[in-house]
Amino acid sequence: MTATPSGGSAPEPPGRWSDLERPPLNATGLRRALVRPGGLWTSLDVVEVTGSTNTDLAERAAAGTVPEGAVLVSEEQSAGRGRLDRHWVAPARSGIFVSVLLRPGPAVPATRWGWLPLLAGVATATAVSRTAGTDTALKWPNDLLVTVDGEERKAGGVLSERVGDGDVVLGIGLNVSLGADELPVPGAGSLALAGAVSTDRDPILRAVLRSLEQWYGDWRAAEGDPARSGLLEAYAAGCATLGRAVRAVLPGDREISGEAVALDGDGRLVLRTDGGGREAVGAGDIVHLRPRG
Ligand SMILES: Nc1ncnc2c1ncn2[C@@H]1O[C@H](COP(=O)(O)OP(=O)(O)OP(=O)(O)O)[C@@H](O)[C@H]1O
Ligand SMILES: O=C(O)CCCC[C@@H]1SC[C@@H]2NC(=O)N[C@@H]21
């Protein structure tokens, strides 16, 4: 039931989740489980609402007030940001909106930091399938796809931003309990709509941060080498883009079409173009042209 302005209550429309069914995150429990001596996560804050967790953490990093491993979670974002200056819709308690502060250098050369959003995608996909039981796929570079009624839908995304000389703010957004009538855009989906066995956000967030800690540790120990850390293999195994006919819309609106055949050492998507050449794409939008065979 939803509280009405007059203080009464109105029946919940079918398919919607009420506030009661969306309990708040247990900040203390999460902190206790994740922040430990010698671990990556040094602090964990949960706020009720903010504009964007990425913006907040970037400001704190620029001011020098947070160390590596700071985690900021919001129950809701009023000005959530996506890649390429897009808006990220993040209604209260409907999903996971988290940013973490990483400082990959000097162990990892800056040329390899482009792997971080891909690493976050692998970590999130692994955590989601373990806790929510939902099959997910990665759409290059940063989308997390689920299947709803036989169709690929975007249920999550990663925004990786460099701050100052050596910091990276990595933001993850995941639609957990959004119902069909709450989706922000036609191509969006959620774990609930994909048949999740649980939409309890605490264990999902905990698993995402644990998986991220593990992958980041392995990748940093391998000096960012995607092959040696196992990241390349894991990303390729979970990637729905490789092997597909795609259209790439590059910054400046240049378009190329071809088959996505590989990832290069910097995490760029290599296309065998319809013209017969090979081209590596580092940024832009990918459109999957045909369903997966
Ligand atoms: N909570 C959300 N879940 C999914 N998508 C969202 C959400 N909030 C905003 N969006 C936006 O919806 C848009 C759709 O996502 P996406 O870019 O993957 O699909 P698209 O523009 O249809 O692209 P494609 O051409 O790759 O199919 C994006 O601009 C994305 O940022
Ligand atoms: O798909 C994308 O374009 C990336 C979406 C990233 C959204 C997350 S939600 C937490 C963090 N804070 C933001 O403002 N954006 C990221």
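Residues are numbered from 1 along each chain as its sequence is written, and chains are lettered from A and ligands numbered from 1 in the order in which they are written. In this predicted model, local features need pLDDT of at least 70 and side-chain atom pairs count only at pLDDT 80 or more, while totals for chains, interfaces and linings use all residues; side-chain values use heavy atoms, with hydrogens and water left out.

Start with the sheet. Strands of a sheet pair through backbone hydrogen bonds, either parallel or antiparallel. Here five strands form an open sheet in the order β15-β14-β13-β12-β16, and the pairing is antiparallel. Strands (E, at least two residues) and helices (H or I, at least four) are DSSP runs, numbered from the N terminus. Two strands pair if DSSP finds at least two bridges between them. At the edges lie β15 (278-281) and β16 (285-288), each pairing on one side only. On average, neighbouring strands of the sheet are turned by 45° against each other, direction ignored. The axes are lines fitted to C-alpha atoms, for helices over the stretch in contact, and angles between N-to-C directions run from 0 to 180 degrees.

Now look inside the sheet. Strands β13 (residues 255-263) and β14 (residues 269-273) run antiparallel and are joined by five bridges. Ala260 stands opposite Leu271 in β14.

Turn to the charges. Side chains of opposite charge can pair when their charged atoms come close. A salt bridge is a side-chain nitrogen of Lys or Arg within 4 Å of a carboxyl oxygen of Asp or Glu. The count by this rule is 19 salt bridges.

Take Glu161 and Arg81. Their closest N and O atoms are 2.9 Å apart. Glu161 sits in strand β10 (residues 151-163) and Arg81 in strand β5 (residues 77-81), so the pair links distant parts of the chain, 80 residues apart. Arg81 is partly exposed, at 32% relative accessible area. Buried means under 20%, exposed over 50%, and partly exposed in between (1.4 Å probe, protein chains only).

Next come Asp167 and Arg103, whose side chains meet in a salt bridge (2.9 Å, N to O). Asp167 is buried at 9% relative accessibility. Arg103 is partly exposed at 40%.

Strand β10 also holds Glu152. Its side chain meets that of Arg244 in a salt bridge (3.2 Å, N to O). Arg244 lies in the loop between α5 (231-238) and β12 (245-249), so the pair ties together parts 92 residues apart in sequence. Arg244 is buried at 5%, whereas Glu152 is partly exposed at 32%.

Finally, a network of salt bridges links Arg83, Arg86 and Asp285.
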